[in-house]
Amino acid sequence: MYDIVSLGENFFHSASNDDNCRVLFAPLSDTIDTTLWKNTRVLHTGSSLLAVEPFRSGVYEAIDIARNAGAIISYAPRFDASSWHSEADAMRFVRSLICTADILFATESELPLLTGASRPDKAADALADQGIRVILISQSSNRVFLRVGRESRILNTTLYDERLQNQFVCRFIASKQSLRALTLDIACDFLS
(Lines give C-alpha, C1' and ligand atoms only; values in the text may rest on other atoms or scores of the structure.)
Protein backbone atom coordinates (compact mmCIF):
# COMPACT_ATOMS: atom_id res chain seq x y z
CA MET A 1 0.00 0.00 0.00
CA TYR A 2 1.19 3.51 -0.84
CA ASP A 3 0.67 6.55 1.33
CA ILE A 4 0.33 8.83 -1.72
CA VAL A 5 -0.37 8.08 -5.35
CA SER A 6 0.27 11.23 -7.37
CA LEU A 7 -1.86 10.98 -10.47
CA GLY A 8 -0.21 12.17 -13.64
CA GLU A 9 1.65 15.05 -12.00
CA ASN A 10 4.81 14.55 -10.02
CA PHE A 11 4.19 17.08 -7.24
CA PHE A 12 5.57 14.73 -4.59
CA HIS A 13 9.00 14.04 -6.11
CA SER A 14 10.95 15.21 -3.07
CA ALA A 15 8.64 13.46 -0.64
CA SER A 16 9.81 10.09 -1.88
CA ASN A 17 12.95 10.51 0.21
CA ASP A 18 10.87 10.73 3.39
CA ASP A 19 10.93 7.40 5.25
CA ASN A 20 7.45 8.04 6.62
CA CYS A 21 5.86 8.63 3.25
CA ARG A 22 5.66 5.99 0.51
CA VAL A 23 4.92 7.86 -2.73
CA LEU A 24 4.14 6.53 -6.18
CA PHE A 25 4.06 8.80 -9.21
CA ALA A 26 1.48 7.22 -11.51
CA PRO A 27 1.36 8.59 -15.03
CA LEU A 28 -2.15 8.21 -16.37
CA SER A 29 -2.48 5.96 -19.40
CA ASP A 30 -5.30 4.45 -21.42
CA THR A 31 -5.39 1.49 -19.05
CA ILE A 32 -5.97 2.10 -15.37
CA ASP A 33 -4.47 -0.21 -12.80
CA THR A 34 -7.31 0.01 -10.30
CA THR A 35 -5.25 -1.71 -7.60
CA LEU A 36 -3.20 1.49 -7.31
CA TRP A 37 -6.25 3.62 -6.62
CA LYS A 38 -7.69 1.05 -4.21
CA ASN A 39 -4.50 0.81 -2.18
CA THR A 40 -3.53 4.36 -1.30
CA ARG A 41 -4.27 6.62 1.64
CA VAL A 42 -4.12 9.80 -0.47
CA LEU A 43 -4.75 10.20 -4.18
CA HIS A 44 -3.30 13.49 -5.39
CA THR A 45 -4.00 15.20 -8.70
CA GLY A 46 -3.72 18.54 -10.44
CA SER A 47 -5.76 19.97 -13.26
CA SER A 48 -3.52 19.58 -16.31
CA LEU A 49 -4.85 16.10 -17.14
CA LEU A 50 -8.37 17.51 -17.29
CA ALA A 51 -7.56 19.49 -20.44
CA VAL A 52 -7.90 16.56 -22.83
CA GLU A 53 -9.57 13.17 -23.18
CA PRO A 54 -9.02 10.32 -22.47
CA PHE A 55 -7.04 11.60 -19.50
CA ARG A 56 -9.92 13.68 -18.14
CA SER A 57 -12.14 10.60 -17.84
CA GLY A 58 -9.23 8.67 -16.35
CA VAL A 59 -8.83 11.26 -13.59
CA TYR A 60 -12.52 11.07 -12.69
CA GLU A 61 -12.42 7.27 -12.73
CA ALA A 62 -9.31 7.13 -10.53
CA ILE A 63 -10.91 9.53 -8.03
CA ASP A 64 -14.10 7.46 -7.90
CA ILE A 65 -12.19 4.22 -7.35
CA ALA A 66 -9.91 5.72 -4.69
CA ARG A 67 -12.76 7.49 -2.89
CA ASN A 68 -14.84 4.29 -2.80
CA ALA A 69 -11.83 2.49 -1.31
CA GLY A 70 -11.59 5.12 1.45
CA ALA A 71 -8.74 7.28 0.12
CA ILE A 72 -8.42 10.98 0.81
CA ILE A 73 -8.42 13.12 -2.34
CA SER A 74 -5.81 15.89 -2.55
CA TYR A 75 -6.09 18.48 -5.32
CA ALA A 76 -3.69 21.20 -6.43
CA PRO A 77 -5.06 22.86 -9.57
CA ARG A 78 -1.78 24.53 -10.68
CA PHE A 79 -3.67 26.21 -13.49
CA ASP A 80 -1.81 26.78 -16.77
CA ALA A 81 -3.93 28.66 -19.34
CA SER A 82 -1.82 27.38 -22.24
CA SER A 83 -3.10 23.82 -21.62
CA TRP A 84 -6.70 24.74 -22.38
CA HIS A 85 -8.71 25.44 -25.53
CA SER A 86 -10.74 28.15 -23.83
CA GLU A 87 -11.12 29.89 -20.49
CA ALA A 88 -14.68 28.57 -20.21
CA ASP A 89 -13.46 24.96 -20.54
CA ALA A 90 -10.71 25.61 -18.04
CA MET A 91 -13.10 27.05 -15.46
CA ARG A 92 -15.60 24.23 -15.90
CA PHE A 93 -13.12 21.37 -15.62
CA VAL A 94 -10.76 22.88 -13.03
CA ARG A 95 -13.77 23.61 -10.82
CA SER A 96 -15.20 20.12 -11.41
CA LEU A 97 -12.68 18.51 -9.05
CA ILE A 98 -13.39 20.85 -6.15
CA CYS A 99 -16.35 18.80 -4.95
CA THR A 100 -14.19 15.65 -4.93
CA ALA A 101 -11.34 17.10 -2.86
CA ASP A 102 -10.74 16.64 0.86
CA ILE A 103 -7.51 18.69 0.80
CA LEU A 104 -6.93 21.57 -1.60
CA PHE A 105 -3.67 23.39 -2.31
CA ALA A 106 -4.08 26.62 -4.27
CA THR A 107 -2.21 29.81 -4.97
CA GLU A 108 -3.73 33.20 -4.35
CA SER A 109 -3.76 33.86 -8.11
CA GLU A 110 -5.92 30.75 -8.70
CA LEU A 111 -8.70 31.81 -6.32
CA PRO A 112 -10.77 33.83 -8.84
CA LEU A 113 -10.74 30.87 -11.25
CA LEU A 114 -11.71 28.41 -8.51
CA THR A 115 -14.32 30.47 -6.68
CA GLY A 116 -14.77 33.92 -8.19
CA ALA A 117 -13.40 35.41 -4.95
CA SER A 118 -9.94 36.92 -4.67
CA ARG A 119 -9.64 37.14 -0.87
CA PRO A 120 -8.38 33.93 0.73
CA ASP A 121 -10.96 34.00 3.54
CA LYS A 122 -13.89 34.42 1.11
CA ALA A 123 -12.50 31.83 -1.30
CA ALA A 124 -11.97 29.40 1.59
CA ASP A 125 -15.61 29.90 2.63
CA ALA A 126 -16.75 29.03 -0.89
CA LEU A 127 -14.44 26.00 -1.07
CA ALA A 128 -15.44 24.71 2.38
CA ASP A 129 -19.10 25.06 1.42
CA GLN A 130 -18.36 22.52 -1.33
CA GLY A 131 -17.04 20.02 1.22
CA ILE A 132 -13.29 20.59 1.32
CA ARG A 133 -12.02 19.91 4.85
CA VAL A 134 -8.46 21.30 4.56
CA ILE A 135 -7.55 24.32 2.41
CA LEU A 136 -4.04 25.71 1.98
CA ILE A 137 -3.58 28.90 -0.04
CA SER A 138 -0.05 30.07 -0.83
CA GLN A 139 0.22 33.83 -0.55
CA SER A 140 2.98 36.25 -1.35
CA SER A 141 5.68 37.03 1.21
CA ASN A 142 6.07 33.41 2.33
CA ARG A 143 2.65 33.18 3.90
CA VAL A 144 0.06 30.45 3.78
CA PHE A 145 -3.63 30.74 4.58
CA LEU A 146 -4.62 27.47 6.28
CA ARG A 147 -8.20 26.46 6.96
CA VAL A 148 -9.31 23.27 8.68
CA GLY A 149 -13.06 22.93 9.00
CA ARG A 150 -14.29 26.40 9.91
CA GLU A 151 -11.10 27.60 11.61
CA SER A 152 -8.33 29.42 9.79
CA ARG A 153 -4.94 30.98 10.38
CA ILE A 154 -2.26 32.75 8.36
CA LEU A 155 1.19 31.23 8.83
CA ASN A 156 4.64 32.40 7.86
CA THR A 157 6.57 29.69 6.11
CA THR A 158 9.64 29.15 4.00
CA LEU A 159 7.91 26.29 2.17
CA TYR A 160 6.92 26.82 -1.45
CA ASP A 161 4.10 25.14 -3.32
CA GLU A 162 5.46 21.66 -4.01
CA ARG A 163 7.41 21.39 -0.77
CA LEU A 164 4.39 22.70 1.15
CA GLN A 165 2.26 19.93 -0.34
CA ASN A 166 4.91 17.29 0.28
CA GLN A 167 5.46 18.22 3.90
CA PHE A 168 1.80 18.72 4.76
CA VAL A 169 0.52 15.46 3.28
CA CYS A 170 3.45 13.35 4.49
CA ARG A 171 3.20 14.70 8.03
CA PHE A 172 -0.56 14.20 7.99
CA ILE A 173 -0.02 10.56 7.01
CA ALA A 174 2.70 10.08 9.62
CA SER A 175 0.40 11.52 12.31
CA LYS A 176 -2.14 8.74 11.69
CA GLN A 177 -4.88 11.32 12.26
CA SER A 178 -8.17 10.90 10.50
CA LEU A 179 -9.08 13.84 8.33
CA ARG A 180 -12.23 14.34 10.38
CA ALA A 181 -10.26 14.52 13.65
CA LEU A 182 -7.64 16.91 12.28
CA THR A 183 -7.59 20.27 14.06
CA LEU A 184 -6.16 23.59 12.95
CA ASP A 185 -3.44 23.45 15.64
CA ILE A 186 -2.28 20.01 14.52
CA ALA A 187 -2.37 21.06 10.86
CA CYS A 188 -0.25 24.11 11.69
CA ASP A 189 2.34 21.80 13.24
CA PHE A 190 2.61 19.95 9.90
CA LEU A 191 3.96 23.15 8.34
CA SER A 192 6.50 24.05 11.01
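**View A. Helix H3 and its packing partners.** The buried residues of helix H3 pack against helix H2 (55-68), strand E4 (72-75) and helix H4 (111-115); contact here means heavy atoms within 4.5 Å. Helices (H or I, at least four residues) and strands (E, at least two) are DSSP runs, numbered from the N terminus. Welcome to a predicted model, where local features need pLDDT of at least 70, side-chain atom pairs count only at pLDDT 80 or more, and totals for chains, interfaces and linings use all residues. Residues are numbered from 1 along each chain as its sequence is written, and side-chain values use heavy atoms, leaving out hydrogens and water. H3 spans residues 87-96, and its Ala90, Phe93 and Val94 are buried. They sit on the same side of H3, because their arc around the axis is only 100 degrees (taken from the directions from the helix axis to the C-beta atoms).

**View B. Arg147 in strand E7.** Arg147 belongs to strand E7 (residues 143-148). With a relative accessible area of 4%, Arg147 is buried (buried is under 20%, exposed over 50%, partly exposed in between; 1.4 Å probe, protein chains only). Its neighbours in contact, not counting residues up to four places away in sequence, include Ala128, Val134 and Ser152.

**View C. The salt bridge of Arg67 and Asp102.** These side chains meet at 2.8 Å, N to O; a salt bridge is a side-chain nitrogen of Lys or Arg within 4 Å of a carboxyl oxygen of Asp or Glu. The pair links distant parts of the chain, 35 residues apart. Arg67 is partly exposed at 32%, whereas Asp102 is buried at 13%.
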